[in-house]
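Subject: Structure handover

Hello,

Please find the structure below. My notes on its cavity and salt bridges follow.

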Amino acid sequence: MAWTARPLINLLTAKKWEGLHNLPTGRGFIAAPNHCTEIDPVIVGHMLYNQNVMPHFLAKEGLFRVPGLGALLRGSRQIPVERSGAGAGRSLEVARGVLDDGDAVIIYPEGTLTRDPDLWPMKGRTGAARLALNTGALVVPIAHWGAQEVFPRYAKRLHVFPRKTTRVLVGKPVDLDRFMDGPDDKATLEAMTEVIMDAITELLEQLRGEKAPAQRWDPTAHHQTLHGRFMERGEEPTDGGGTPETGDGQ
(Lines give C-alpha, C1' and ligand atoms only; values in the text may rest on other atoms or scores of the structure.)
Protein backbone atom coordinates (compact mmCIF):
# COMPACT_ATOMS: atom_id res chain seq x y z
CA MET A 1 0.00 0.00 0.00
CA ALA A 2 2.83 2.40 0.88
CA TRP A 3 4.68 1.62 -2.34
CA THR A 4 1.59 2.73 -4.24
CA ALA A 5 0.64 5.75 -2.16
CA ARG A 6 4.05 7.34 -1.59
CA PRO A 7 5.07 7.88 -5.24
CA LEU A 8 1.59 9.16 -6.04
CA ILE A 9 1.46 11.70 -3.21
CA ASN A 10 5.03 12.82 -3.99
CA LEU A 11 3.92 13.43 -7.57
CA LEU A 12 0.82 15.36 -6.55
CA THR A 13 2.29 17.54 -3.80
CA ALA A 14 5.45 19.04 -2.41
CA LYS A 15 5.77 18.45 1.32
CA LYS A 16 7.07 20.32 4.33
CA TRP A 17 7.22 18.43 7.60
CA GLU A 18 8.06 20.17 10.86
CA GLY A 19 8.33 19.13 14.49
CA LEU A 20 9.35 15.55 13.68
CA HIS A 21 11.58 15.51 16.78
CA ASN A 22 8.38 15.52 18.85
CA LEU A 23 7.43 12.01 17.69
CA PRO A 24 8.04 9.53 20.54
CA THR A 25 10.67 6.87 19.91
CA GLY A 26 10.69 3.35 21.23
CA ARG A 27 7.04 3.33 22.28
CA GLY A 28 3.59 3.35 20.78
CA PHE A 29 1.54 6.52 20.81
CA ILE A 30 -1.76 8.05 19.73
CA ALA A 31 -1.50 10.51 16.85
CA ALA A 32 -4.32 13.08 16.89
CA PRO A 33 -4.58 15.15 13.66
CA ASN A 34 -7.13 17.66 12.42
CA HIS A 35 -9.50 16.38 9.73
CA CYS A 36 -10.46 18.66 6.82
CA THR A 37 -10.28 16.50 3.67
CA GLU A 38 -10.76 12.87 2.73
CA ILE A 39 -7.10 12.52 1.70
CA ASP A 40 -5.47 13.78 4.87
CA PRO A 41 -5.06 10.21 6.23
CA VAL A 42 -2.66 9.66 3.32
CA ILE A 43 -0.80 12.88 4.19
CA VAL A 44 -0.45 12.00 7.88
CA GLY A 45 0.24 8.33 7.18
CA HIS A 46 2.97 9.24 4.70
CA MET A 47 4.71 11.44 7.25
CA LEU A 48 4.64 8.75 9.94
CA TYR A 49 5.66 5.94 7.61
CA ASN A 50 8.70 7.91 6.44
CA GLN A 51 9.77 8.24 10.09
CA ASN A 52 9.65 4.43 10.45
CA VAL A 53 6.42 4.62 12.42
CA MET A 54 3.75 2.24 11.17
CA PRO A 55 0.39 4.07 11.07
CA HIS A 56 -2.79 2.27 12.10
CA PHE A 57 -6.10 4.02 11.48
CA LEU A 58 -9.50 3.44 13.01
CA ALA A 59 -11.80 2.64 10.07
CA LYS A 60 -15.49 1.85 9.74
CA GLU A 61 -16.10 -1.85 10.25
CA GLY A 62 -18.03 -2.05 6.97
CA LEU A 63 -14.89 -1.24 4.98
CA PHE A 64 -13.37 -4.52 6.17
CA ARG A 65 -16.15 -6.39 4.34
CA VAL A 66 -15.35 -4.80 0.96
CA PRO A 67 -13.67 -7.39 -1.29
CA GLY A 68 -10.00 -6.62 -1.78
CA LEU A 69 -10.00 -3.52 0.41
CA GLY A 70 -10.89 -5.57 3.48
CA ALA A 71 -7.90 -7.85 2.93
CA LEU A 72 -5.58 -4.85 2.62
CA LEU A 73 -6.96 -3.30 5.79
CA ARG A 74 -6.65 -6.51 7.77
CA GLY A 75 -3.21 -7.25 6.37
CA SER A 76 -1.91 -3.83 7.38
CA ARG A 77 -3.56 -4.21 10.80
CA GLN A 78 -5.92 -1.30 10.58
CA ILE A 79 -8.51 -1.12 13.36
CA PRO A 80 -12.20 -1.79 12.67
CA VAL A 81 -14.65 0.40 14.55
CA GLU A 82 -18.14 -0.86 15.34
CA ARG A 83 -21.00 1.14 16.84
CA SER A 84 -22.05 -1.54 19.32
CA GLY A 85 -20.68 -1.71 22.83
CA ALA A 86 -19.07 -5.09 22.23
CA GLY A 87 -17.51 -3.88 18.98
CA ALA A 88 -16.10 -0.82 20.69
CA GLY A 89 -14.41 -3.09 23.23
CA ARG A 90 -12.81 -5.15 20.47
CA SER A 91 -11.51 -1.99 18.81
CA LEU A 92 -9.89 -0.94 22.09
CA GLU A 93 -8.13 -4.29 22.41
CA VAL A 94 -6.75 -4.14 18.86
CA ALA A 95 -5.57 -0.58 19.45
CA ARG A 96 -3.93 -1.59 22.71
CA GLY A 97 -2.01 -4.32 20.87
CA VAL A 98 -0.80 -1.83 18.26
CA LEU A 99 0.43 0.51 20.98
CA ASP A 100 2.14 -2.35 22.82
CA ASP A 101 4.02 -3.16 19.61
CA GLY A 102 5.41 0.38 19.46
CA ASP A 103 3.30 1.58 16.53
CA ALA A 104 1.00 4.59 16.17
CA VAL A 105 -2.79 4.61 16.41
CA ILE A 106 -4.19 7.55 14.44
CA ILE A 107 -7.45 8.90 15.86
CA TYR A 108 -9.19 11.97 14.47
CA PRO A 109 -10.73 13.48 17.61
CA GLU A 110 -13.33 15.31 15.52
CA GLY A 111 -14.71 11.94 14.43
CA THR A 112 -15.48 13.12 10.89
CA LEU A 113 -14.53 15.92 8.52
CA THR A 114 -14.80 19.28 10.24
CA ARG A 115 -18.04 21.13 9.70
CA ASP A 116 -16.39 24.48 10.46
CA PRO A 117 -16.96 26.72 7.38
CA ASP A 118 -13.31 27.82 7.39
CA LEU A 119 -11.93 24.33 8.12
CA TRP A 120 -10.81 24.99 11.69
CA PRO A 121 -10.96 22.02 14.07
CA MET A 122 -14.46 21.62 15.45
CA LYS A 123 -15.64 20.24 18.79
CA GLY A 124 -13.92 16.94 19.45
CA ARG A 125 -15.25 13.57 20.48
CA THR A 126 -13.78 11.47 23.26
CA GLY A 127 -12.23 8.48 21.44
CA ALA A 128 -8.60 9.61 21.67
CA ALA A 129 -9.02 10.62 25.31
CA ARG A 130 -10.65 7.30 26.20
CA LEU A 131 -7.85 5.30 24.58
CA ALA A 132 -5.22 7.41 26.33
CA LEU A 133 -6.92 7.01 29.70
CA ASN A 134 -7.23 3.23 29.25
CA THR A 135 -3.69 2.64 28.01
CA GLY A 136 -1.58 5.50 29.37
CA ALA A 137 -0.34 6.16 25.84
CA LEU A 138 1.00 9.57 24.86
CA VAL A 139 -1.24 11.71 22.67
CA VAL A 140 0.71 13.58 19.99
CA PRO A 141 -1.18 16.48 18.35
CA ILE A 142 -0.65 16.92 14.61
CA ALA A 143 -1.84 19.68 12.30
CA HIS A 144 -1.71 19.69 8.52
CA TRP A 145 -2.66 22.24 5.89
CA GLY A 146 -2.63 22.22 2.09
CA ALA A 147 -4.19 18.84 1.35
CA GLN A 148 -7.60 20.54 1.14
CA GLU A 149 -6.34 22.40 -1.94
CA VAL A 150 -5.54 19.11 -3.67
CA PHE A 151 -8.86 17.51 -2.74
CA PRO A 152 -11.34 19.95 -1.17
CA ARG A 153 -13.79 18.63 1.39
CA TYR A 154 -16.43 16.50 -0.37
CA ALA A 155 -14.93 17.22 -3.80
CA LYS A 156 -15.41 15.01 -6.85
CA ARG A 157 -11.90 15.29 -8.30
CA LEU A 158 -8.30 16.11 -7.50
CA HIS A 159 -6.92 19.59 -8.21
CA VAL A 160 -3.45 18.71 -9.41
CA PHE A 161 -2.24 21.90 -11.13
CA PRO A 162 -0.53 24.00 -10.04
CA ARG A 163 1.32 21.59 -7.77
CA LYS A 164 0.44 22.23 -4.12
CA THR A 165 2.52 22.07 -0.94
CA THR A 166 1.18 20.13 2.03
CA ARG A 167 2.53 21.06 5.44
CA VAL A 168 2.49 18.91 8.56
CA LEU A 169 3.42 20.16 12.03
CA VAL A 170 3.91 17.70 14.89
CA GLY A 171 3.52 19.07 18.41
CA LYS A 172 4.84 17.91 21.75
CA PRO A 173 2.80 15.18 23.47
CA VAL A 174 -0.20 16.67 25.22
CA ASP A 175 0.15 16.91 29.00
CA LEU A 176 -2.67 14.73 30.30
CA ASP A 177 -0.99 13.56 33.51
CA ARG A 178 -3.54 15.31 35.75
CA PHE A 179 -6.31 13.16 34.32
CA MET A 180 -4.61 9.76 34.49
CA ASP A 181 -5.58 8.95 38.08
CA GLY A 182 -9.07 10.35 37.69
CA PRO A 183 -12.34 8.59 36.95
CA ASP A 184 -13.23 7.27 33.51
CA ASP A 185 -16.35 9.41 33.31
CA LYS A 186 -17.85 11.80 30.76
CA ALA A 187 -16.58 14.95 32.45
CA THR A 188 -13.00 13.67 32.54
CA LEU A 189 -13.04 12.49 28.95
CA GLU A 190 -14.54 15.76 27.71
CA ALA A 191 -11.95 17.79 29.63
CA MET A 192 -9.14 15.69 28.16
CA THR A 193 -10.61 16.11 24.69
CA GLU A 194 -10.68 19.89 25.06
CA VAL A 195 -6.98 19.90 25.97
CA ILE A 196 -6.20 17.73 22.92
CA MET A 197 -8.28 19.93 20.59
CA ASP A 198 -6.62 23.07 21.96
CA ALA A 199 -3.20 21.62 21.13
CA ILE A 200 -4.24 20.68 17.57
CA THR A 201 -5.80 24.11 17.00
CA GLU A 202 -2.69 25.94 18.22
CA LEU A 203 -0.55 23.98 15.75
CA LEU A 204 -2.94 24.77 12.90
CA GLU A 205 -2.83 28.45 13.82
CA GLN A 206 0.94 28.30 13.34
CA LEU A 207 0.60 26.68 9.93
CA ARG A 208 -2.09 29.08 8.73
CA GLY A 209 -0.60 32.19 10.33
CA GLU A 210 -3.93 33.26 11.76
CA LYS A 211 -6.07 32.82 14.85
CA ALA A 212 -8.85 30.29 15.09
CA PRO A 213 -12.33 31.44 16.14
CA ALA A 214 -12.68 32.03 19.86
CA GLN A 215 -15.46 29.43 20.04
CA ARG A 216 -14.97 26.01 18.48
CA TRP A 217 -17.61 24.94 15.96
CA ASP A 218 -20.22 22.63 17.50
CA PRO A 219 -22.20 20.59 14.94
CA THR A 220 -25.00 19.93 17.40
CA ALA A 221 -25.55 23.64 17.96
CA HIS A 222 -25.85 24.06 14.18
CA HIS A 223 -28.31 21.15 13.80
CA GLN A 224 -25.79 18.98 11.98
CA THR A 225 -25.37 15.24 12.36
CA LEU A 226 -22.11 13.92 13.79
CA HIS A 227 -21.47 11.45 10.97
CA GLY A 228 -21.47 11.60 7.20
CA ARG A 229 -21.75 14.56 4.85
CA PHE A 230 -23.60 17.72 5.85
CA MET A 231 -23.76 19.05 2.26
CA GLU A 232 -24.12 17.48 -1.16
CA ARG A 233 -20.90 16.08 -2.54
CA GLY A 234 -19.31 18.52 -4.97
CA GLU A 235 -21.43 21.50 -3.86
CA GLU A 236 -19.49 24.69 -4.45
CA PRO A 237 -18.63 27.24 -1.74
CA THR A 238 -20.78 30.33 -1.51
CA ASP A 239 -17.70 32.59 -1.72
CA GLY A 240 -13.94 32.45 -1.69
CA GLY A 241 -13.89 31.34 1.94
CA GLY A 242 -15.20 28.13 3.36
CA THR A 243 -18.07 25.95 2.34
CA PRO A 244 -21.73 26.80 2.93
CA GLU A 245 -23.23 25.69 6.23
CA THR A 246 -26.82 24.69 5.73
CA GLY A 247 -27.05 21.83 8.20
CA ASP A 248 -28.23 18.35 7.44
CA GLY A 249 -31.93 18.96 7.67
CA GLN A 250 -32.43 15.22 7.80
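Which element gives the most to the lining of the largest cavity? Strand β1 does, with 4 residues. Before the rest, the ground rules: this is a predicted model, in which local features need pLDDT of at least 70 and side-chain atom pairs count only at pLDDT 80 or more, while totals for chains, interfaces and linings use all residues. Residues are numbered from 1 along each chain as its sequence is written, and side-chain values use heavy atoms, with hydrogens and water left out.

Cavity

The structure has 1 cavity of 30 Å³ or more (a set of points on a 1 Å grid over the protein atoms alone, where a 1.4 Å probe fits but cannot get out; lining residues have an atom within 4 Å of a point). The volume of the largest cavity is about 50 Å³, taken as the space filled by probe spheres set on grid points that are joined across faces, edges and corners. Its lining consists of Ile 9, Asn 10, Thr 13, Ala 14, Lys 15, Trp 17, Ile 43, His 46 and Thr 166. At least two lining residues come from each of α1 (2-12), β1 (13-18) and α2 (40-50); helices (H or I, at least four residues) and strands (E, at least two) are DSSP runs numbered from the N terminus.

Salt bridges

There are 11 salt bridges, each a side-chain nitrogen of Lys or Arg within 4 Å of a carboxyl oxygen of Asp or Glu. One of them joins Arg 65 to Glu 61, at 2.2 Å from N to O. Arg 65 is exposed, at 59% relative accessibility, whereas Glu 61 is partly exposed, at 23% (buried is under 20% relative accessible area, exposed over 50%, partly exposed in between; 1.4 Å probe, protein chains only).

Arg 77 pairs with Asp 101, with 2.5 Å between the closest N and O atoms. This pair links distant parts of the chain, 24 residues apart: Arg 77 lies in the loop between α3 (69-75) and β4 (79-81), and Asp 101 in the loop between α4 (85-100) and β5 (104-106). Arg 77 is partly exposed, at 32%.

Arg 216 and Glu 194 form a further salt bridge, 3.0 Å from N to O. They are 22 residues apart, with Glu 194 in helix α7 (186-208) and Arg 216 in the segment after that helix. Glu 194 is partly exposed, at 35%. Salt bridges link Glu 194, Asp 198 and Arg 216 in a network.

Regards

Methods:
On a 1 Å grid over the protein atoms alone, a cavity is a set of points where a 1.4 Å probe fits but cannot get out, and a pocket is an open set with protein on both sides within 12 Å along at least five of seven lines; lining residues have an atom within 4 Å of a point.
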